[in-house]
Amino acid sequence: MTLRAVRLALMLAAVVVAAGCNRGGPRIRTLATMPPVVMGAARVNADIWIGSWAGLTRVGGGRTELYAEAAGLPKGVQVRSVFPQGDTLWLATNLGVVEFSLKTARATKVWASKDGLGAESVRWVGETRGAVWAGTIFGISRLSPGSRRWTNYGIAQGLIQDHVYALGDSANALWASCINGGLVRFDAGRNRWEAVASDHGLGNKHIYAILATPNALWLGTAGGVNLYHTDTRAWDATVCDDGFTDYCVRALALAGDDLWFGTSYGLYRRNLKTGKQTVYTTHDGLPDDEVTSIVSDGKVLLVTTRTGLSEVTLPR
């Protein structure tokens with residue numbers, strides 16, 4: 001697809017749907033539809049930045065604008081996750097980690113293997129504990145402030161498997177998911193990773209999403225939702241045995257008493273006190289049933305699906 005065709009395909013939608021027509025339920029509004037595959041989003045002030053296989057898209061001010069090769073991004077880039085830090089967006093892509101300036105709306109640096117990055121196929125990027133961390137298909141990479149080269153961690157440094165999909169910070173520690181390996185914890189004192197025992201707990205070793213809270217990790221796996229208590233270092237047997245769904249969970253968010261999670265078959269809302277569970281799909285206003293990411297500010301959810309972006313106003 002040409003850049004012109006992609007731009008023509010990006011459009012704003014103005015449909016507001018009352019989910020399930022239930023009083024007190026969430027309101028779902030589609031903000032943008034676009035060519036697949038949409039992977040993630042982040043809100044920065046009045047703008048929403050969306051990563052997709054077409055590049056980086058900004059939605060705001062009544063406009064939808066695509067940033068790709070002309071904005072300094074590598075040709076053929078697929079943006080898999082977006083992490084805002086001050087005036088910079090950190091982008092995890094299939095061609096490395098990209099620094100994107102919000103001031104100039106251009107990529108200022110593309111970090112690749114030549115810069116020490118463990119692999120150019122990056123699943124996750126973010127800043128925590130004074131450094132930028134990247135989960136790649138060949139391990140975890142860390143960029144310290146002022147450094148021009150990445151430090152890498154692989155199996156020799158404690159990872160169970162090299163393919164790392166996500167990271168999270170909880171209970172004064174950094175955690176990561178190793179595909180087909182499970183959960184690992186970073187021991188800063190030893191500068192290495194250690195495996196978290198999955199016996200009597202983790203239901204599926206393919207972890208695609210980590211939602212970190214101060215004392216726990218909610219995990220989206222290929223077989224549903226799991227919960228690990230980081231303060232007591234124990235799996236929650238009730239949640240892990242149930243899983244809330246048999247579908248693959250790729251996105252998670254907490255809002256009040258509700259856990260929201262995204263699958264290929266809709267957006268789920270589970271009340272953690274009552275156990276009541278509701279699913280929202282294209283019939284309720286989502287652009288697509290396949291949910292790829294969820295971002296919550298406590299009042300509104302930004303939900304990316306395979307073909308677009310929705311805003312879910314949470315019930316009071």
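Biologist: I want to learn to read a strand pair. Which residue in S19 is the bridge partner of Arg185?

Modeller: In this predicted model, Arg185 has Glu194 of S19 as its bridge partner. Now widen the view. S18 and S19, residues 192–195, run antiparallel and are joined by 4 bridges.

Biologist: Which residue in the hairpin of S18 and S19 takes a positive phi?

Modeller: That is Asn191, with phi near 55°. The hairpin has 4 residues between its strands.

Biologist: Next, a whole sheet. In what order do the strands of the sheet with S12 run?

Modeller: Read S12-S13-S14-S15. These 4 strands form an open sheet, with antiparallel pairing. The edges are S12 (122–128) and S15 (151–153). Each has a single partner strand, so one side of each has no neighbour in the sheet. Neighbouring strands are turned by 20° against each other on average, direction ignored.

Biologist: How many bridges pair S13 with S14?

Modeller: S13, residues 131–136, and S14, residues 139–143, pair over 5 bridges in the antiparallel sense. Check one spot: Thr136 stands opposite Gly139 of S14.

Biologist: Another open sheet contains S8. Which are its edge strands?

Modeller: The order there is S8-S9-S10-S11, 4 strands with antiparallel pairing. S8 (79–85) and S11 (106–111) are the edge strands, each pairing on one side only. The twist from one strand to the next averages 25°. Inside the sheet, S9 (residues 88–93) and S10 (residues 96–101) are antiparallel over 6 bridges. Leu89 stands opposite Phe100 of S10.

Biologist: Now side chains. How do the side chains of a regular strand sit relative to the two faces of a sheet?

Modeller: They alternate between the two faces. Take S21 as the case. Ala216, Trp218 and Gly220 point one way, while Leu217, Leu219 and Thr221 point the other way.

Biologist: Are those residues of S21 buried or exposed?

Modeller: All are buried. The cut-off for buried is under 20% relative accessible area. With 6 of its 6 residues buried, S21 is therefore largely enclosed by the rest of the structure.

Biologist: What pairs with S21 on the S20 side, and how many bridges are there?

Modeller: S20 runs antiparallel to S21, and 6 bridges join them. Ala209 has Gly220 of S21 as its bridge partner. A hairpin of 2 residues makes the link. S21 also pairs with S22, antiparallel, over 6 bridges. Here Thr221 stands opposite Gly224. The hairpin from S21 to S22 goes through 2 residues as well.

Biologist: On to packing. Which residues have the most contacts inside the largest nonpolar core?

Modeller: Trp133, Ile140, Leu167, Leu183, Trp193, Leu219 and Trp235. The core has 27 residues. S17 gives the largest share, 5 residues. A second, separate core has 16 residues, among them Trp49, Ala71, Val79 and Val98.

Biologist: Which residues is Trp133 in contact with, leaving aside neighbours within four places in sequence?

Modeller: The list includes Trp124, Ile140, Tyr153, Leu167, Phe186 and Trp193.

Biologist: Let me try single residues. Is Ser293 buried or exposed?

Modeller: Ser293 lies in S28, residues 291–296. Its relative accessibility is 12%, so Ser293 counts as buried. Its side chain makes a polar contact of 2.5 Å with the side chain of Thr304. Beyond four places in sequence, Ser293 also touches Met39, Gly40 and Ala251, among others.

Biologist: Why is Thr232 called exposed?

Modeller: The cut-off for exposed is over 50%. Thr232 has a relative accessible area of 54%, so Thr232 is exposed. This residue is in the loop between S22 (224–229) and S23 (234–235). Its C-alpha atom is 27 Å from that of Val295, 63 residues away along the chain.

Conventions
Residues are numbered from 1 along each chain as its sequence is written. This is a predicted model: local features need pLDDT of at least 70, side-chain atom pairs count only at pLDDT 80 or more; totals for chains, interfaces and linings use all residues. Side-chain values use heavy atoms; hydrogens and water are left out. Buried means under 20% relative accessible area, exposed over 50%, partly exposed in between (1.4 Å probe, protein chains only). Two strands pair if DSSP finds at least two bridges between them. Axes are lines fitted to C-alpha atoms, for helices over the stretch in contact, and angles run from 0 to 180 degrees between N-to-C directions. A nonpolar core is a set of buried Ala, Val, Leu, Ile, Met, Phe, Trp, Tyr and Cys residues joined through side-chain atoms within 4.5 Å. Contact means heavy atoms within 4.5 Å. A polar contact is a pair of N or O atoms within 3.5 Å; within protein, one must be able to donate a hydrogen and the other to accept it, and residues adjacent in sequence count only if both atoms are side-chain atoms.
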